[in-house]
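Me: Hi, I have a structure open and would like to walk through it. Can we keep it short?

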Amino acid sequence: MTSPTPDRDAHVVLRPDLESLPPYRAGRSAAGPQGVVAYKLSSNESPYDPLPRVRDALAAAAADLNRYPDPGARELSAALASRWNVPADHIATGTGSVGVCQQIISACASPGDEVIYAWRSFEAYPLITTIAGASSVQIPLRSDESHDLDAMVEAVTPRTRAILICTPNNPTGAVVQHRDLVVFLARVPSHIVVVVDEAYVEFVGDAGAADGLALYREHPNVVVLRTFSKAYGLAALRVGFAIAHAPIADLLRRVGMPFAVSSLAQVAALESLRAEAELATRVQETLDERERMFTELVRQGHPMTASHGNFVWLRLGAASVDFAGLCANKGLAVRAFAGEGVRITVGVPAANDRLLSLTAEFAHR
């Protein structure tokens, strides 16, 4: 049989709707002048090294790297179910909360459908939506950086399949109030999946903030997203999870990539759950530093809204990129959103001190 002659002028057929899809922009690594310690404050990572007990567990687990991980993360799922007092079949794991979010959109949205979310919010939302072939419906934030829930409800159409609620909101740090989300859910048709993305929930200090788990218990269409990347300090291992009622959670497990959560990630997450008391101390140190930074930024004259993540938000508008450049020249990597603002991760005190000296300089230009 003669093989066909390749057509050297032919082009492979790719999805045309993805040609304009921008790549996800990760926070820049830190670099600075020679002899200056550089700090990365651009990715909302924990500034602390892994707990010794987590490192020990990972070292022991490395002996089995020739074996595939448990595809269902059953031990981890059982531990999460016990920790949050939910049935084990209500847990679905994935590669960070962003990976699980992609599983959700893949499970409920297809070409011609719509996904509603606030903007600016987590920049992976438009990427995830576009990859699914659905259309983004972006609802501008209010002037206080919070979600405009009324406008989000009014944007619902027969094509709406999911609504993403990021609380605390990344990058602005504002939380959605629980009472407001209760009213919101009463107005949203029950066939629409409502995702309460709580990637930063451990850093929330507002007693009135939305409680995603309480809402999930009352609404079968509510999905709660959590991650081990932030407060638990496991960003490199990529492990997150959803809490959802059985029909949704089952489909999330089916659309997830097999073996997505590595054995090392599962072991580290389990050990971190056992070490929550130690990790709570680290979270409190971050909260103390966030409060110190916020208070000083207000004193310097920057217009601030309270942040409930492990970061602060400077609404610098057209000056955002210039400020990020000033920081980079001084060995600090921060995250600029051109024309909007700068998100700054709460780091160790020395990094925060340097940052505050630069914001003071910038405020008096």
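Reply: Let's begin with a term: buried means under 20% relative accessible area, exposed means over 50%, and partly exposed is in between (1.4 Å probe, protein chains only). Phenylalanine 259 has 36% relative accessibility, so this residue counts as partly exposed.

Me: What kind of model is this, and how are residues numbered?
Reply: This is a predicted model: local features need pLDDT of at least 70, side-chain atom pairs count only at pLDDT 80 or more, and totals for chains, interfaces and linings use all residues. Residues are numbered from 1 along each chain as its sequence is written, and side-chain values use heavy atoms, with hydrogens and water left out.

Me: Back to phenylalanine 259. Where is it?
Reply: Phenylalanine 259 sits in the loop between α8 and α9 (263-274). Helices here are DSSP runs of H or I with at least four residues, strands are runs of E with at least two, and both are numbered from the N terminus. Phenylalanine 259 has a positive phi of about 60°, although it is not a glycine.

Me: Which residues does the cis peptide bond with omega of about 15° join?
Reply: That bond joins tryptophan 119 and arginine 120. Arginine 120 is in the loop between β3 (114-119) and α4 (124-131). The peptide bond from asparagine 170 to proline 171 is also cis, with omega near 25°. Proline 171 belongs to the loop between β5 and α6.

Me: New topic, strands. How many residues of β6 are buried?
Reply: Five of its five residues; strand β6 covers residues 193-197. Val193, Val195 and Asp197 are buried on one side, and Val194 and Val196 are buried on the other.

Me: Why two sides?
Reply: In a regular strand the side chains alternate between the two faces of the sheet.

Me: What does β6 pair with?
Reply: Two strands pair if DSSP finds at least two bridges between them. Strand β5 (residues 160-166) and β6 pair in the parallel sense over five bridges. Alanine 162 is opposite valine 193 in β6. The chain goes from β5 through helix α6 (residues 178-187) to β6, a right-handed β-α-β crossover. Right-handed means that, with the strands pointing away from the viewer, the path from the first strand over the helix to the second runs clockwise.

Me: And on to β7?
Reply: β6 and strand β7 (residues 222-227) pair in the parallel sense over four bridges. Valine 195 is opposite valine 223 in β7. This crossover runs from β6 through helix α7 (residues 212-218) to β7, and it is right-handed.

Me: Last one. At what angle do α3 and α8 cross?
Reply: Helix α3 (residues 96-108) and helix α8 (residues 246-255) cross at roughly 105°, and their axes come within 9 Å. So α3 is roughly perpendicular to α8. Angles of 65 to 115 degrees count as roughly perpendicular, under 35 as roughly parallel, over 145 as roughly antiparallel and the rest as oblique. Axes are lines fitted to C-alpha atoms, for helices over the stretch in contact, and angles run from 0 to 180 degrees between N-to-C directions.

Me: Which residues make the contact?
Reply: Gln103, Ile104 and Ala107 of α3 meet Leu251, Leu252 and Val255 of α8. Contact means heavy atoms within 4.5 Å.
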